[in-house]
Amino acid sequence: MRIVALAGGIGGARFLRGLKEAVAPGDEITVVGNTGDDIHLYGLKVCPDLDTLMYTLGGGIHEEQGWGRADETWSIKAEMKEYGVGPEWFGLGDRDFATHLVRSQMLTAGYSLSQVTEALCVRWQPGVRLVPMSDDRVETHVRITEDGTPKVVHFQEYWVRLHAAVDAEAIVPVGADTAKPAPGVLEAIAAADVILLPPSNPVVSIGTILAVPGIREALVAASAPVVGLSPIVGGAPVRGMADKVLAAVGVESSAAAVAAHYGPELLDGWLVDASDAGSVAAVEEAGIRCRAVPLLMTDVAATAEMARAALALAEEVRA
Ligand code: GDP
Ligand code: CA
């Protein structure tokens, strides 16, 4: 079976770790990773979501944090501070720096982001084929008002420096409208037997991937069922700022509203958490097959159960 999943960082990576447990040997998983969170710092290209996917699936992640490397040290950051060079709010550890150095060196030498990602994965062996959504530069920006001043900040600044404490007024995936899907993305979607939307952020993770012209269209046209899992449980994100960015695009923070936001054209099946069983009927009325199952990724076994439920719903839709 060929499975394609679109994914952001933590929510995507943790789900995929469960999916790997749930699939049969020989099944192939292609992961299309969000690159809208990418940021250039100190002349280096940092790809937070691709790295979270790679480190989580490859066994190098800082588990509690959900980003960055395990057993990290911070000498470079301390040295940068001595030089008065920031941003201080962005945490890049020494081990993590090596990844960004290798990536940036290869990009400077002329390799594409998808080639670089493949090369980094030779070390990490994530057990999936990890492909960036695009080789072209896309950067999610957020319009806010800070201390009475309207401004636009990089998504990382909104999340990491401001902790999403101010309202997001608009989300702009800068560059997405002219970006091309990375080589292999459309082909993988067209050849897939199942397409999954993990419980990643519907706006700044999955939404950004869908904003690359051709990708949403390919999902709609795909013969494979498209099944998603809600990142919203009991009216709130399990972690992160999905409520803030959903509000910015006029979508209520509920499992049913996120399903309706993706829409029945895109989505064939939707899983909501058991505690949201009351919204199953509304989702089905919207033309999307829906089931309520436990959706908390408390450990890999629980997450594998979620993945099995998603694959079962895909089979049900196909039949
Ligand atoms: P990010 O790029 O690191 O923000 O990660 P993603 O976009 O892939 O995933 C973020 C989303 O994962 C958030 O909206 C969370 O609500 C969701 N999430 C995190 N943990 C869980 C969980 O245990 N269950 C569910 N259903 N969603 C989760
Ligand atoms: Ca992200």
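**Exercise 1. Find which residues of helix 2 meet which residues of helix 5, then describe the packing.**

Solution. Start with the contacts (heavy atoms within 4.5 Å): from helix 2, Leu50, Met54, Tyr55 and Gly58 meet Leu113, Thr117, Leu120, Cys121 and Trp124 of helix 5. Sorted by type, these residues are seven nonpolar, two polar and no charged.

A word on the model: it is predicted, with local features needing pLDDT of at least 70 and side-chain atom pairs counting only at pLDDT 80 or more, while totals for chains, interfaces and linings use all residues. Residues are numbered from 1 along each chain as its sequence is written, chains are lettered from A and ligands numbered from 1 in the order in which they are written, and side-chain values use heavy atoms, leaving out hydrogens and water.

Next, take the geometry: helix 2 (residues 48–58) and helix 5 (residues 113–124) pack at about 20 degrees, their axes 10 Å apart. The two helices are therefore roughly parallel (angles under 35 degrees).

**Exercise 2. Work out which residues coordinate the calcium ion (ligand 2), and where they sit.**

Solution. First, list the donors (N, O and S atoms, within 3.2 Å for Ca): Asp37 (OD), Asp49 (OD) and Asp49 (OD), at 2.0 to 2.5 Å. Then place the pair: aspartate 37 lies in the loop between strand 2 (28–33) and strand 3 (39–41), and aspartate 49 in helix 2, 12 residues apart. Finally, both aspartate 37 and aspartate 49 are buried (under 20% relative accessible area).

**Exercise 3. Decide whether threonine 30 is buried or exposed, and name its contacts.**

Solution. Locate threonine 30 in strand 2. Its relative accessible area is 9%, so threonine 30 is buried. Beyond neighbours within four places in sequence, threonine 30 contacts Ile3, Val4, Ala5, Arg129, Val131 and Ala188.

Terms used:
Axes are lines fitted to C-alpha atoms, for helices over the stretch in contact, and angles run from 0 to 180 degrees between N-to-C directions. Helices (H or I, at least four residues) and strands (E, at least two) are DSSP runs, numbered from the N terminus. Angles under 35 degrees count as roughly parallel, over 145 as roughly antiparallel, 65 to 115 as roughly perpendicular and the rest as oblique. Ala, Val, Leu, Ile, Met, Phe, Trp, Tyr, Cys and Pro count as nonpolar, Asp, Glu, Lys and Arg as charged, and the others, Gly among them, as polar. Donors are N, O and S atoms within 2.8 Å of the metal (3.2 Å for Na, K and Ca); water is not among the atoms, so sites may look incomplete. Buried means under 20% relative accessible area, exposed over 50%, partly exposed in between (1.4 Å probe, protein chains only).
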